[in-house]
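Me: Hi! I have a structure open and would like to talk it through with you. Could you help me read it?

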Amino acid sequence: MVKARVHVFVNGIVQGVFFRQKTRREAEILGVTGWVRNLPDGRVEAVFEGEETAVKAMEEYCHRGPSSAIVTNVDSIWELYRGEFSDFEAY
């Protein structure tokens with residue numbers, strides 16, 4: 001099983017639409033660890049780690065988000081897997 005890590009920044013109407021909570025739920029379903037948080041500039045930032053196909057699914061999820069979100073852009077930075085998380089947190 002190949003492990004992967006991606007750091008994403010999501011732009012659009014992504015705060016106040018349950019983006020963090022829904023992202024956490026998706027990550028838990030897929031067995032992905034990491035975190036998600038709102039940024040002061042209106043973006044959402046997240047780091048996902050886990051099995052490569054699950055991490056890719058989470059990155060794809062960020063391109064659409066929950067039904068009330070309007071995602072205009074996602075910047076993804078693929079990084080080396082670190083294995084530093086034991087669960088997924090929404091801050």
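Me: To start, how many helices and strands does the protein chain have?

Reply: The protein chain has two helices and five strands, where helices (H or I, at least four residues) and strands (E, at least two) are DSSP runs numbered from the N terminus. From the N terminus on, the order is β-α-β-β-α-β-β. Bear in mind that this is a predicted model: local features need pLDDT of at least 70, side-chain atom pairs count only at pLDDT 80 or more, and totals for chains, interfaces and linings use all residues. Residues are numbered from 1 along each chain as its sequence is written, and side-chain values use heavy atoms, with hydrogens and water left out.

Me: Thanks. What is the radius of gyration of the protein chain?

Reply: The radius of gyration is 12 Å, close to the 12 Å that the globule rule gives for 91 residues, so the chain is as compact as a globular protein of that length. That radius is taken over C-alpha atoms, and the rule is 2.2 Å times the number of residues to the power 0.38. Of the 91 residues, 41% count as buried, meaning under 20% relative accessible area, with exposed over 50% and partly exposed in between (1.4 Å probe, protein chains only).

Me: Now the sheet. What is the order of its strands?

Reply: The five strands form an open sheet in the order β4-β1-β3-β2-β5, with mixed pairing; two strands pair if DSSP finds at least two bridges between them. β4 (70-79) and β5 are at the edges with a single partner strand each, so one side of each has no neighbour in the sheet.

Me: And how many bridges join β1 to β3?

Reply: Eight bridges, and the two strands run antiparallel. F9, for instance, has E45 in β3 as its bridge partner.

Me: Which strands does α2 lie across?

Reply: Helix α2 lies across β1, β3 and β4, running at about 160 degrees to β3. For that angle, axes are lines fitted to C-alpha atoms, for helices over the stretch in contact, and angles run from 0 to 180 degrees between N-to-C directions.

Me: Which residues of α2 are buried?

Reply: A54, V55, M58, E59, Y61 and C62 are. They cover an arc of only 155 degrees around the axis, which puts them on the same side of α2; the arc is that of the directions from the helix axis to the C-beta atoms. Their cover includes β1, α1, β3 and β4.

Me: Changing topic: how many aromatic pairs are there?

Reply: There are two aromatic pairs. Rings of Phe, Tyr and Trp (its six-membered ring) pair if their centres lie within 6.5 Å, and planes under 30 degrees apart count as stacked, over 60 as edge-to-face and the rest as tilted. F19 and Y61 have ring centres 6.3 Å apart and planes at 50 degrees, so that pair is tilted. F19 lies in α1 (residues 19-30) and Y61 in α2 (residues 52-62), so the pair ties together parts 42 residues apart in sequence.

Me: What about F48 and F88, how are they arranged?

Reply: They are stacked, 5.8 Å centre to centre with 10 degrees between the planes. F48 is in β3 (residues 44-51) and F88 in β5 (residues 88-90), and both are buried.

Me: Last one: where does D87 lie?

Reply: D87 is in the loop between β4 and β5, and at 38% relative accessibility D87 counts as partly exposed. D87 touches T33 and G34, leaving aside residues up to four places away in sequence, where contact means heavy atoms within 4.5 Å.
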